[in-house]
Amino acid sequence: MAPLLKSNVISFMPEVMPCKSRMWPLTYPRFERDETCIESMHGHKIPDPYRPLEVPKARATQEFIASQVELTKSVLSTCDTKEKLRERITAVYDYPKSSCPYRRGNKCFYSHNSGLQAQSVLYMQDSLDGEAEVLLDPNTWSEDGTKSLEIMKFSSNAEYLAYGQSSSGSDWITIKVIHVADKITLDDTLSWVKFSSLAWTHDNRGFFYNRYPKPTMNEIEDEGTETDSNLFQELRYHFLGTDQSQDILCWRDSEHAQWFSRAEITDDGQYLVLSIEESCDPVNRLYYCNLSTLPQGLEGLRQNKEHLPMIKLIDNFDAQYELVANEGSLFTFLTNKDAPKNKLTRVSLDDPSSWKDVVPESESDVLTSADLVNRQQLVLCYMSDVKHLLQLNDLQSGHLLQKLPLEIGSICEISSRPEDADFFYSFTSFLTPGIIYRCDLSSGTPDLSVLKETKIANWDRSLFEIRQEFATSKDETRVPMFVVAKKGLVRNGDHPAVLYGYGGFNVSLMPYFSVSRLVLVQHYGAVVATANTRGGGEYGEKWHKAGALANKQNCFDDFIACGEHLIKEGYTQNKKLCIEGGSNGGLLVAVCINQRPDLFGCALAHVGVMDMLRFQKFTIGHAWISDYGCADIAEEFDWLIKYSPLHNVKRPWENGTKSIQYPATMLFTADHDDRVVPSHSLKLLAYELCTSLDNSQQTNPIIGRIETKAGHGSGRPTMKIIDEMVDAYSFFAKMTDSAWIE
């Protein structure tokens with residue numbers, strides 16, 4: 001999504017570094033308002049005076065960014081503990097990180113980072129205990145580590161690997177192909193690829209992938225800085241050794257610009273299964289093509305200028321269907337059809353109207369994944385009260401065979417193949433950096449062994465404790481939250497605290513290992529909490545829908561209730577409570593400081609969606625309408641205008657309580673964020689929220705951290721990750737008057 005160093009020095013009292021006095025209020029950069037920019041929406045006049053900031057390369061935008069960068073540097077320079085924090089986070093972050101191994105062809109592959117490498121390296125072995133050799137090292141692609149490996153797929157015989165390179169964290173990737181045996185990169189280069197699947201045909205001659213038309217916004221100087229809406233995604237097939245211009249157009253819906261697809265080839269190589277989606281909602285159409293029936297193969301499509309002949313198995317957006325396995329024309333899917341906590345169901349393509357449930361929906365737990373292993377066994381992962389469970393079921397009958405032991409925590413990854421009698425899975429928790437297990441089924445009884453366990457020197461997990469508590473929201477809903485603190489913490493209300501949340505898009509915040517947050521617990525005596533608000537997927541689709549669209553306010557109420565719970569239970573107090581979130585979680589933070597500025601002492605909003613009336617107009621923003629709604633529709637405009645951060649900026653001291661102001665706030669964005677474009681945060685910074693006014697009561701700083709050569713978060717090199725942690729949490733420490741404990 002963290003180890004702490006235990007001192008060997010005997011000390012009767014912790015060493016405390018006092019905080020220097022603050023030098024506020026600040027003088028903020030100004031941006032010239034365009035008072036003529038007023039939009040009429042459903043009978044309302046909506047001013048948008050900072051709309052010029054939506055043009056990223058405009059001179060005025062660049063000058064405003066430069067001024068914000070200098071202001072933020074000046075504030076961070078007063079954070080007394082910043083360098084101590086950097087030293088400790090860097091030291092603790094320096095531990096090895098590995099993925100599960102996975103078999104392709106007759107080789108094994110895994111990714112590994114020795115500790116502080118900018119990017120993880122892809123290794124290959126002849127066997128699990130064979131000597132590892134480097135196949136791909138993204139650290140050689142750029143001097144500053146800002147080129148990353150984003151997607152990859154081996155051909156069925158592992159002769160070739162197709163992989164995607166991203167630059168500066170952009171969602172755009174360039175696909176390249178390497179010949180595995182001699183590690184020679186081929187000339188094949190595929191551009192304008194985004195949100196792509198990769199699926200090789202089993203003749204190993206080529207693969208399916210997804211691309212968009214080249215953006216038309218002026219001249220593209222730097223991929224990832226444009227803001228064009230991504231429309232009319234295509235599924236194409238690339239033959240090795242040919243130019244991209246010759247790739248076969250297999251699918252494109254000219255009537256539905258916002259639709260996009262994901263292609264898979266079944267394990268037997270016979271079928272292409274195409275999932276069609278229109279948004280981030282867990283629903284999809286399901287098409288397929290029997291590749292063996294193409295009279296002239298895929299080459300014939302190019303010659304005849306035809307699309308792939310798809311058969312529509314599911315032709316509506318009523319539910320989600322994910323391919324699990326097939327035996328010829330008999331297919332097994334994971335679905336939420338009439339099952340908000342998910343189930344496994346089966347259908348024969350010869351009788352597509354007859355579906356049979358294989359593993360029914362659980363009454364209490366959410367089925368999150370299903371993987372086939374040993375030909376006839378399914379590895380099922382469930383989520384129970386925000387903790388993962390693992391079990392084996394029979395493929396044919398669906399019956400439970402065995403529950404596998406698991407600590408309280410999360411399964412990060414499951415690696416299996418139908419033909420293998422073993423599988424691998426990685427486990428993490430708030431206090432466990434990572435354990436990779438091997439489960440061997442060859443004897444008929446699961447034989448579990450630890451393949452690799454991450455050890456961190458000078459760190460003692462017994463010094464900390466984890467609690468799962470439940471806050472009571474505004475409508476009496478019980479909202480789970482995990483609390484991490486030092487063991488034996490005295491609840492005197494005097495501890496700094498960080499409350500993290502997301503609350504959207506069916507995303508579940510599971511227990512995970514965080515170096516930076518555990519350093520906060522150790523060296524600032526902080527309490528770190530994670531809120532599992534409605535809008536997420538922690539309790540299935542009903543929990544998700546309870547925090548989406550017209551119900552979005554429930555997310556904010558839940559998060560506020562979690563903050564109040566921490567104060568009520570004596571963990572912290574208002575002025576020491578910091579809230580944090582990223583992307584949809586950045587929206588969550590911004591809304592909550594608008595609605596309850598009195599409740600928090602600090603706020604960290606990373607790459608947040610701040611303009612709820614215009615988000616759908618940029619890059620992939622239209623895909624979020626499923627969770628938010630769209631301001632072009634009158635009813636949905638009424639939902640959005642009530643909480644949109646940009647349109648609910650206030651001066652809290654003018655509401656009758658002069659002592660209330662916004663908490664100290666840092667907004668984060670990046671120049672190559674082509675997911676949530678930077679103008680969201682820039683416009684909020686420019687708004688009256690952070691513009692110096694005569695007689696302003698706003699003395700808490702409100703600043704922006706604007707990263708360069710970085711995107712929404714994916715692919716960021718290690719040192720950029722550490723830099724952001726240090727800036728965010730040294731600011732938190734300064735604003736909550738938290739002393740460093742040595």
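Me: How do the residues lining the largest cavity divide into nonpolar, polar and charged?
Reply: The lining has six nonpolar residues, two polar and one charged. Here Ala, Val, Leu, Ile, Met, Phe, Trp, Tyr, Cys and Pro count as nonpolar, Asp, Glu, Lys and Arg as charged, and the others, Gly among them, as polar. Bear in mind this is a predicted model: local features need pLDDT of at least 70, side-chain atom pairs count only at pLDDT 80 or more, and totals for chains, interfaces and linings use all residues. Residues are numbered from 1 along each chain as its sequence is written, and side-chain values use heavy atoms, with hydrogens and water left out.

Me: Which residues line the largest cavity?
Reply: Phe430, Val484, Tyr512, Ser514, Arg517, Leu518, Val521, Val528 and Thr530. A cavity is a set of points on a 1 Å grid over the protein atoms alone where a 1.4 Å probe fits but cannot get out, and lining residues have an atom within 4 Å of a point.

Me: Which element gives the most to that lining?
Reply: Helix H4, with three residues. H4 (515-524) and strand S36 (527-531) each supply at least two. Helices (H or I, at least four residues) and strands (E, at least two) are DSSP runs, numbered from the N terminus.

Me: Switching topic: is Lysine 720 buried or exposed?
Reply: Lysine 720 is buried, with a relative accessible area of 15%. Buried means under 20% relative accessible area, exposed over 50%, partly exposed in between (1.4 Å probe, protein chains only).

Me: And what does Lysine 720 touch?
Reply: Leaving out residues up to four places away in sequence, Lysine 720 touches Thr146, Glu707, Thr708, Lys709 and Ala710. Contact means heavy atoms within 4.5 Å. Lysine 720 itself lies in helix H11 (residues 718-735).

Me: OK, strands. How many residues of S22 are buried?
Reply: Five of the six in S22 (residues 330-335), so that strand is mostly covered.

Me: Which strands pair with S22?
Reply: S21 (residues 321-327) pairs with S22 in the antiparallel sense over six bridges, and six bridges also join S22 to S23 (residues 343-348), again antiparallel. Two strands pair if DSSP finds at least two bridges between them. Threonine 335 of S22 is the bridge partner of tyrosine 321, and in S23 the partner of threonine 335 is lysine 343.

Me: What sits between S21 and S22?
Reply: Two residues, making a hairpin; glycine 328 in the turn has a positive phi of about 65°.

Technical notes:
1 Å grid on protein atoms, 1.4 Å probe; cavity = no way out; pocket = protein on both sides within 12 Å on 5 of 7 lines; lining within 4 Å.
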